[in-house]
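Visitor: I would like to learn how to read a protein model, taking one feature at a time.

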Amino acid sequence: METAIVEIPMRVRIWKRGRQHLAVVRDEVVVEELMKYVGVRVRLVINHGGIELPIEAKPIIEREGNRTYILFTLPRRLNILWQGITEARAKVIIEKRGMGEA
C-alpha cells in the first residue's frame, strides 16, 4: 500500500466563538482546494513563533453572505495560547492511502 502526502500551505486567522477558538481559512484558492477534504480528518499545523503546533481536525464549511470559509476547531486546552494569536502561517497535511500491487 502506498501513501501519498499532500501539503497545502496557507495563512489562518484565529476567531473565537463562545469558549471555542477556530482557525479560519479565507483565501479563496485554498478554500476551494480544502473543500475536497471536508469531513475528512487531516493534520493542521499552525506555526507560531517558529514552533509548529500539529492538530488533528476535520475541515468545516462556513458560508457568510457570498463568501465561503473553511474552519478548524482548535483544542480548548490551548485556549490561553489561541487568545494571543490573531493570524498565523499554517499548513494542512493530508495522507492519501492508495492500493498497492497485489
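**Reading a side chain and a sheet**

Guide: A polar contact is a pair of N or O atoms within 3.5 Å; within protein, one must be able to donate a hydrogen and the other to accept it, and residues adjacent in sequence count only if both atoms are side-chain atoms. Here the side chains of Q20 and R76 make such a contact, at 3.1 Å. A polar atom of the Q20 side chain also lies 2.5 Å from the backbone oxygen of L74. This is a predicted model, in which local features need pLDDT of at least 70, side-chain atom pairs count only at pLDDT 80 or more, and totals for chains, interfaces and linings use all residues. Residues are numbered from 1 along each chain as its sequence is written, and side-chain values use heavy atoms, with hydrogens and water left out.

Visitor: Is Q20 buried or exposed?

Guide: Buried means under 20% relative accessible area, exposed over 50%, and partly exposed in between (1.4 Å probe, protein chains only). Q20 has 15%, so Q20 counts as buried.

Visitor: In which strand is the place of Q20?

Guide: Strands (E, at least two residues) are DSSP runs, numbered from the N terminus. Q20 is in strand β2, residues 20–25.

Visitor: In what order do the seven strands form the open sheet?

Guide: Two strands pair if DSSP finds at least two bridges between them. The order is β4-β3-β7-β1-β2-β6-β5, with antiparallel pairing. The edge strands, β4 (51–57) and β5 (60–64), each pair on one side only.

Visitor: How many bridges join β3 and β4?

Guide: Strand β3 (residues 42–48) pairs with β4 over seven bridges, in the antiparallel sense. V42 stands opposite A57 in β4.

Note on methods
Helix = DSSP H or I, 4+ residues; strand = E, 2+ residues; numbered from the N terminus.
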